[in-house]
Amino acid sequence: MQHFAYSRVATLADAINAMQQPDAMVIAGGTELLNWMKEGIAAPARLIDVNGIADLAQVTADDRGLRIGALARLSDVAEHPVVRTAYPAIAQALLASASPQIRNMATIGGNLMQRTRCPYFRAEVEVPCNKRRPGSGCAAMSGNDRTAAVLGATAQCIATHPSDLAVALAALDATVHVTGASGPRSIPLVSFYRQPDGTTERETRLDAGELITAIEVPASAVARQSRYLKLRERASYEFALVSVAVGLDVEEGRIRAASIALGGVAPKPWRLCATEDALQRVTLSDEAAVRKTLTADFADATPGRHNGFKVELAKRAVVRALQMAGEGA
Amino acid sequence: MSGIGQAVSRLDGPGKVSGRTLYIGDIPLDDVTYAVMVPATRPHARIRTIDLAAATAAPGVIGIFTHHNTPRFGRIDVPLSQPVMPLQDDRVLYEGQPVALVVADTLERATHAARLVAVAYDETPFDADFAADLSRTEVAPAFFGIPPDNAKGDVSAAWSAAEVQLEGVYRTADRHHSAMEPAATLAIWRDGELRIHDATQGVFDARACVAQALHLDPEQVRVSNTFIGGGFGGKGWGWPYQILAAMAARELGRPVKLVLTRAQTFTSHGYQAATHQTVALSAQRDGTLSSIRHDSIVAGSFAGDHVEGAGWDTHALYASPAFSTTHRLRRLHRGNPAAMRAPFGGVGLVAVEIAMDELAYKLGMDPLALRLKNHTDVDPSDGKPFSAKKLRACYEIGARRFGWSDRRAAPRSMRDGRELVGYGMSSLVLRAYRFAANARVSIDRDGAVRIETATQDVGQGLSTVIPQIAADALGVPVDRVSLVLGDTILPVAPFTGGSSATMSVGSAVQDAAVKLRERLIAAGANGPEGYAGALAALNVESLSADGTWAPADPEASPAIFSFGAVFAEVGVDEDIPIPRVRRIVGVYDAGKIMNPKTARSQMTGGVVWGIGQALLERSETDPRLGRFVSKNLAGYLVPVNADIPEINTTFVESFDPHASPLGARGIGELGALGVAPAIANAVFHATGVRVREVPIRPEHLLVG
């Protein structure tokens with residue numbers, strides 16, 4: 001048996017203290033960590049159960065923005081009236097995630113800490129995977145890369161990040177608040193995830209012993225007119241083949257500001273900055289003009305042998321999501 | 001009354017929905033131990049060393065078996081069982097082949113110790129890539145007694161002379177059964193006898209396999225189960241995990257429970273193997289077929305002889321003066337495939353019925369009209385009439401229910417907002433597999449009726465239909481009838497598969513119940529009210545009768561096949577081409593229906609399987625690692641509720657006395673037939689893109 005110690009904490013300070021022990025991991029909803037432990041992906045010596053830290057579960061909102069506690073459950077956030085009206089892409093991304101049962105357990109912080117669904121990483125035995133065992137290689141590159149990244153992949157890893165929520169948060173310029181032994185700090189969500197490099201197993205900028213405490217999203221016109229579109233072959237309970245979160249500020253049919261992030265195509269939520277710039281002043285109903293703005297961001301796409309279709313699918317998804325956001329659909 | 005033809009609710013329903021029903025893995029037993037297999041991680045290799053030091057030292061470990069200490073197993077001659085015995089030598093022929101078995105006092109400890117078994121391999125070259133070299137094939141062995149090739153008439157002459165010719169290559173994917181209940185065995189060795197609880201679809205087949213492997217007299221082995229959490233062909237015949245559990249129980253003198261992990265279900269009891277089929281149709285301008293050629297290359301295994309008989313039933317579909325079907329096997333370093341709902345025609349119809357749709361377009365004919373043009377009431381292979389064919393009525397009722405006449409012929413001509421809408425249809429055919437069966441029916445003075453037969457309930461409704469048949473024959477309410485099944489101490493019955501159970505076992509039960517009634521009448525009973533009096537007159541507490549049934553000599557019978565027609569409507573977004581099924585109408589000709597309620601459930605389930613085949617189910621192989629890439633239900637997609645639209649199924653009933661005395665034919669696989677080609681044809685109608693493989697994926701439709 002892989003033995004581990006289990007303890008519950010009631011305060012953030014106790015959690016941070018407990019996390020300074022070697023091989024400690026935080027457990028909240030447990031919908032992801034327990035999979036890793038069963039699959040042999042993780043073998044923590046200590047589990048710190050943080051579910052008892054009551055003030056980390058709150059969702060608050062005012063004129064300036066939204067603050068979501070890391071322990072808020074996906075289903076609670078998705079149903080929150082302010083989230084639904086002022087940040088619809090977040091509610092839509094959450095409702096497109098997993099299943100109702102999992103959404104009732106899973107937390108916002110845990111959602112951001114999900115790891116890739118790459119089938120090689122998730123295999124029941126170890127196959128070459130730099131995330132699973134650093135330096136072992138990447139079987140997906142020479143094998144079945146249908147679900148792999150077409151943007152931002154490296155020679156170490158071509159896996160995609162699976163979170164729907166993170167894509168919506170990336171588009172809405174969210175900030176991740178974390179706390180560790182040396183105190184609190186904040187990280188913009190767009191730089192929270194690392195691109196795969198020599199330390200592929202490290203996927204976020206969270207340091208050892210640090211804990212996500214909250215997410216902040218600024219209120220904006222773009223957030224209010226946001227939309228999340230998730231494309232997948234199974235109509236429910238499946239990770240995205242391609243997803244897109246967009247936010248729009250439109251004046252008399254012309255785009256004043258746009259914010260776009262893609263999911264399912266890159267190792268992290270992928271902002272389309274060049275597209276966003278090019279979309280300014282473009283007439284939203286001019287589909288050809290909208291489509292043309294995508295060229296630069298996809299110029300560096302690196303499709304593999306089986307996933308080339310994702311490039312075209314992603315472009316079409318962006319166009320469609322912009323139209324839907326424009327229609328208020 | 002609640003006899004034949006009544007919509008009786010499942011008698012096994014309350015136990016299942018309340019969680020009271022015990023499956024094999026749930027059976028509590030003191031002193032039980034837990035076995036966990038260590039699967040090979042290479043598709044073709046020799047085991048150089050197995051280091052057991054860490055595993056042996058792990059807490060709770062009771063025994064570890066490898067090829068070094070496992071007794072030599074006997075040869076198994078049970079048809080269709082896995083011939084490669086586990087843990088016999090250092091050869092690995094497929095990824096997932098058991099190379100060690102760890103037994104411990106808890107499941108968790110056994111699982112952990114199994115991970116500590118360190119196997120070093122000398123790898124040998126392997127071939128696990130079906131599509132890589134389709135020229136390396138061999139003539140498939142006869143399978144199920146059906147030869148690989150079948151032909152009549154001069155196909156090439158008809159092809160050359162034809163006004164219209166159509167040829168295409170069609171592909172189907174590897175698929176996995178993915179039953180909710182993973183296969184499980186509980187083996188107990190006591191006083192020289194082996195007691196096995198196993199979620200098998202065939203208790204007698206499993207008994208024969210284990211007895212032969214362990215050099216036991218079959219009488220020393222008893223195999224039983226009550227309920228099976230889905231089989232779909234994966235739990236038939238005999239597989240290594242059953243033999244390993246039985247062996248370990250005998251060697252250790254302790255009860256051994258072995259439940260496959262989800263990942264192990266992908267490599268331990270087969271799968272539906274990928275196919276590459278060529279169909280060539282020739283016809284006159286008016287649509288009259290002059291030849292059908294159907295050549296199937298199917299993926300096989302070096303560890304068994306399973307053949308996916310894609311073309312076995314093709315000859316029975318349409319009137320054509322010439323036809324030819326062939327099967328070539330391309331063996332791979334993968335585990336032996338198995339039958340999977342729906343095997344054979346379930347795979348072959350994808351090719352033939354998409355080809356028929358293509359031919360209809362080429363001829364400018366309505367696809368349904370083309371089928372009707374080539375309707376046949378005799379089996380073209382031998383001219384024998386079909387036993388009771390109602391396919392014309394299926395077409396007519398299906399077309400009316402579906403609204404087929406609303407279909408505009410041109411592709412991309414129908415839409416709903418941004419969605420392109422398509423209509424497609426398919427015929428379907430299924431030969432009647434029937435087997436000899438036995439049953440005993442008894443009644444006591446309280447009027448309680450008891451049926452005993454060794455058939456298995458795989459969740460299809462058998463536990464309801466079989467009591468209905470006895471209740472009908474005896475004229476008693478079905479709630480007075482109980483059924484004891486799934487046990488080798490009971491009257492012999494065949495494995496549950498091939499849509500055969502109702503015909504085979506049901507007929508034996510009817511025979512027994514009729515004989516019992518005759519005895520009761522002979523003893524003075526005028527009717528059901530007189531049964532107790534008859535028993536009193538005979539001075540017995542209960543009376544029983546044995547029944548039996550066996551299919552008649554096929555040479556003397558008409559051609560016994562079931563038929564049907566499936567109509568599908570799909571929607572495909574004009575920009576985001578991920579097809580969604582909007583509705584399905586299926587009309588089936590399967591003789592007399594025993595219970596319309598359970599039958600409807602079964603057809604609905606079958607259609608769901610067809611939707612999975614059409615749009616989702618594909619087990620990807622990594623040809624460089626020689627393994628199925630995703631051995632879990634997150635990576636291998638089966639439909640969820642959100643994928644399933646309105647499903648409208650019905651039967652055109654008739655009494656088919658040739659199929660069985662009940663007038664019934666089988667329906668287990670029927671619902672899964674024809675759905676995938678109907679959907680594929682609807683996708684073409686919607687989009688104008690012809691996809692000749694399933695599952696259909698967005699990349700197939702992202703063109704232009």
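Helix H14 of chain B passes helix H15 of chain B in a right-handed crossing, meaning that the near helix is turned clockwise from the far one by less than a right angle. The contact joins residues including B:Val607, B:Gly610 and B:Ile611 of H14(B) to B:Val675, B:Ala676, B:Ile679 and B:Ala680 of H15(B); two residues are in contact if their C-beta atoms, placed from the backbone, lie within 7 Å. The two helices pack at an angle of about 50°, with their axes 8 Å apart.

The model is predicted: local features need pLDDT of at least 70, side-chain atom pairs count only at pLDDT 80 or more, and totals for chains, interfaces and linings use all residues. Residues are numbered from 1 along each chain as its sequence is written, while chains are lettered from A and ligands numbered from 1 in the order in which they are written. Chain B has a mean pLDDT of 96, on a confidence scale from 0 to 100 for each residue. The complex has an ipTM of 0.97 and a pTM of 0.98.

Helices here are DSSP runs (H or I) of at least four residues, numbered from the N terminus.

| Helix of chain B | Residues |
|---|---|
| H11 | 462–474 |
| H14 | 596–615 |
| H15 | 675–687 |

In H11(B), 13 of 13 residues are buried, with 20 or more other C-beta atoms within 10 Å of their own C-beta. B:Gly475 follows H11(B) and has a positive phi, near 70°.

Conventions:
pLDDT = per-residue confidence, 0-100. Expected span 1.5 Å × (residues − 1). Buried ≥ 20, exposed ≤ 12 C-beta atoms within 10 Å, placed from the backbone. Axes fitted to C-alpha atoms, helices over the stretch in contact; angles between N-to-C directions.
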